[in-house]
Amino acid sequence: MQRIGVFVCWCGSNIAATVDVAAVVEAVRGEPGVVCAADYQYMCSEGGQSAIRKAIEEYGLSGFVVCSCSPRMHEATFRKTAAKAGLNPYMVEIANIREQCSWIHKDRQYATEKAIILTRAAVAKLNLNTPLVAGESDVIKRALVIGGGIAGIQTALDIADAGYEVDIVEKSPTIGGKMAMLDKTFPTLDCAACILTPKMVDAASHDNIKLYTYSEVDEVSGFVGNFTVKIKQKARSVNKDLCTGCGVCAEKCPSKKARSEFDQGLRNRGAIYIPFAQAIPNVPVIDRDACIHFKTGKCGLCAKVCGAGAVDFGQRDEIVTRQYGAIVVATGFRPIALDRLGEYQYAQCADVVTSLEFERLCNAAGPTKGKLVRPSNHEHPKTIVFVQCVGSRDTSGCGKEYCSKICCMYTAKHAMLVREKYPDTQVYVLYIDVRTPGKNFDEFYRRAVEEYGVHYIKGMVGKVAEKNGRLSVQASDLIANTQMTLEADMVVLAAAIEPDPTARSIGTMLTASMDTNDFFTEAHPKLRPVESPTAGVFLSGVCQGPKDIPETVAQAGAAASKVIGLLSKEKLVGNACVAGSGETLCNGCSACENVCPYGAIEYVIREVSDHGKRELRRVAQVNEAICQGCGACTVACPSGAMDLKGFTNLQILAEVDAICR
Amino acid sequence: MPIEREWEPLIVAFCCNWCSYAGADLAGTSRLNYPANVKIIRVPCSCRVNPLFILRAFQRGADGVIMAGCHPGDCHYTSGNYYARRRMTLLFSMLDYMGIESGRTRVEWISAAEGGKFAAVMNEFAGAIHELGENRRLGDIRCKNYQK
Amino acid sequence: MQVSEREMAKSILRISGVDTKKCMKCGKCSGACPAFGSMDIHPHQFVSMVEEGNIGALLESKSLWNCLSCFACVERCPRNVEPARLIEAVRLTVIRRQGANHLKPEEIPGLLDADLPQQAIASAFRKYSK
């Protein structure tokens, strides 16, 4: 029989205001196995924990029940308390009388009754607990970063600098992500390429970093410390080792109909192309859907002009299998499609552009070589209207409910850059609120208004219409309480941003949870912002939520530090609550082996001693290092041989009995 | 003789640690309300729930049993909730054959972010069990403790 | 019976089914409104005045009759506040009083002209009288 102590926490007034803690203590004193019961204001504090330790000594406890907040909160804390007092950490059970009792129910009598029942269930379970020891597993000292934008690059550099190997998998032909498309960055107006390209070069040349560009993650198996990942290296149709990056093939390619993804569709590119001049690796790729050779069998000009003989039309996709100890997701974002926001005439008027397209138009390496001209007639725009919150903060279903965070700042940046370069151009910004939460951000936006004369008008655009070759923008001015019509040459829409579309399939492969907006969920929104609830998976950059470059770099470093902490361990302490098969009951049917999602069960021939008889039997054997403790095998087992430590059949039945008493 | 109170349904909820139990915690953190009739048992995954546990609950006097797991495709253990779904389908078919009201058992998929859904489901289920009344067909009177 | 402004505001919210608290004061409704120029109280002000219970001025406003019921504000509002329903509810509050029809049959002959379609008369009655 166990010697159980029950400790009921007040949690200040969180529990005590609704649950009569003293009554709970009295009610459970007489439960089988209970030798002492007490209440305390804050069980998890040093005072509470030392009270438990004293009771363990005084009463010779073999285990204890804490009635408090959710086990997801403090089970680990109380396990440590047990260990410090010399008890096995698994001789602890938690009754959740806060999140699932005092915070839910208002009636004191019902809440107290329920708290007593939940405590009885925990005591009944603990009576059947046995000491458990967690197994250990190795940690593979290599990390995988999915995504090669600034977030992925920064995380990889930090992990590599700490001495660990990192692979970056990037689906486009080059690393750099969205930051490579930017012209200047707020609030310092640094040139984006100037601060990014050195990092890109570092990542490419670092001894510990391996780049897999034009590649995608195909399959993930395993668990923290031991992931096996299949990476699909898509066929570039160019041999990376032979290519010198001279660019002649891209120059000569006769197929010029494809739209450049890097330049947001504002110019054409060849079928064989390098996305941008500073691409890393500086190796072109053939877009087989646009290539005349792949479509008709003719042409093949690039192969003829290639001095290095690097063009390889027969190249095929390859699968590479690699092992990793940790995985970081850094899949980034894209602007939303504007098809449900027809009032802005984005699809109808060439002069209505998104902010990212505007960024490319301003960029000296962009489609117009940095000259800001109207896409329709290449004339200089004399009036530009910037529209904020296009598809953000929208609960009507046409856009996203959240604020995209970066648009107020980048529009201020765009407005200032236009006014600086073209002082004769009038700039209007139509906004709902101006959000400038970072360091020096508000001062930056005020410069736009006070130094550069950008007209900030509080009010939204109702519609944009083409009129006599210009754009007629009808909007409200809430401060003046008027409706105004601006005649503009260009309209720039601050479109909302959403996670990259590959995020969902990556999330499924990693069993990493995502929210309804497809952003990855963090383990705790405040205290664990860079870890996914799935062990071994970490989050970096906008894939976790909209953020600007300073925040992305900060978060990338944080994710790297978590990875380094994981990879630096000699052994990983595994899960103690693993499955185990009773060999005398096992009939060798393989039902458990077939349902295990991790392939943790195998069958062996073993000599079994049963009722005095010794014979060789085919029995199940669980690999405790791989078993994750889901319990699927326990229910599949027809003979009841398979059970799950920590959640045994008898334990769960005891809980059911205690609740239904 | 103890004073007889008006009958309150007893509802047992099996919640998986990674999704629905966390969703229940979120319902608590958000201070939502659902009836105290619902008592939650934590399991690592919905696939840990043996149909025998559910039958045991009914035998011991539960009036309704609900199993909540992760949404299909989102199971922390990849395929656990698929197994749970299949097992529950068979269980419901068997209960139906035995003449047990189909509203007494339920399977719901509730994620860790769906505190609101958890509360709404529990409220609705408790209401439905209240309508159905006391579980007489599966209860074992030998297990009933009259000294509650 | 004197009905307080608070009560009228509650009744207007009930008739229209609108939740004025959802408004984020962006002004897109007024930005999209084609009848803005002929209104004294504009769509964004309507929502804010009902929220504050400031009904008196609304009952007297020209906007009730100049609103085209085109529902552009409903289409464009990013928060589903539906200002047009609010205006309609206030309009109904006025019309439902005794003898308060905005359009009386005697007035029709004076308003007719060769270009006015029959449909306009029918819909005017629907909108301006009870």
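Which residues touch the most other members of the largest nonpolar core? They are A:Ala143, A:Val328, A:Val329, A:Val491 and A:Leu493, in a core of 138 residues. The model is predicted. Two pairs of chains are in contact, and chains A and B share the most contacts.

- In soluble globular proteins, nonpolar side chains tend to be buried together.
- The largest nonpolar core has 138 residues, and helix α12 (residues 407-421) of chain A contributes the most to this core, with nine residues.
- One of the residues with the most partners in that core is A:Val329.
- A second, separate core has 126 residues, including A:Val19, A:Val92, A:Phe647 and B:Val65.

**Chain B by itself**

- Chain B contains four helices and four strands, and from the N terminus on their order is β-α-β-α-β-α-β-α.
- The radius of gyration of chain B is 15 Å, close to the 15 Å that the globule rule gives for 148 residues, so chain B is as compact as a globular protein of that length.
- The C-alpha trace of chain B spans about 50 × 35 × 25 Å along its principal axes.
- In chain B, 57% of the 148 residues count as buried.
- Taking contacts in chain B between residues at least 6 apart in sequence, 82% join residues at least 24 apart.

**Helix α2 of chain B**

- The buried residues of α2(B) include B:Phe53, B:Ile54, B:Arg56, B:Ala57 and B:Phe58.
- An α-helix has 3.6 residues a turn, so residues three or four places apart point the same way.
- The cover over the buried residues of α2(B) includes β1 (11-16), β3 (64-69), α3 and β4 (105-109) of chain B, together with α18 (649-660) of chain A.
- Just after α2(B), B:Gly61 has a positive phi of about 115°.

**Where chain B meets chain A**

- The contact between chains A and B takes 42 residues from chain B and 43 residues from chain A.
- On the side of chain B that touches chain A, the elements giving two or more residues are α1 (20-29), β2 (38-43), α2 (51-59) and α3 (80-98) of chain B.
- Of these, α1(B) gives the most, with six residues.
- This side of chain B has 22 nonpolar, 11 polar and nine charged residues.

**Where chain C meets chain A**

- The contact between chains A and C takes 17 residues from chain C and 18 residues from chain A.
- Helix α2 (residues 28-32) of chain C supplies the largest share of the side of chain C that touches chain A, four residues.
- By class, this side of chain C has seven nonpolar, seven polar and three charged residues.
- Chain B and chain C do not touch, and their nearest C-alpha atoms are 19 Å apart.

Technical notes
Residues are numbered from 1 along each chain as its sequence is written. Chains are lettered from A and ligands numbered from 1 in the order in which they are written. This is a predicted model: local features need pLDDT of at least 70, side-chain atom pairs count only at pLDDT 80 or more; totals for chains, interfaces and linings use all residues. Two residues are in contact if their C-beta atoms, placed from the backbone, lie within 7 Å. Ala, Val, Leu, Ile, Met, Phe, Trp, Tyr, Cys and Pro count as nonpolar, Asp, Glu, Lys and Arg as charged, and the others, Gly among them, as polar. The radius of gyration is taken over C-alpha atoms; the globule rule is 2.2 Å times the number of residues to the power 0.38. A residue is buried if 20 or more other C-beta atoms lie within 10 Å of its own, exposed if 12 or fewer, and partly exposed in between; C-beta atoms are placed from the backbone. A nonpolar core is a set of buried Ala, Val, Leu, Ile, Met, Phe, Trp, Tyr and Cys residues joined through C-beta atoms within 7 Å.
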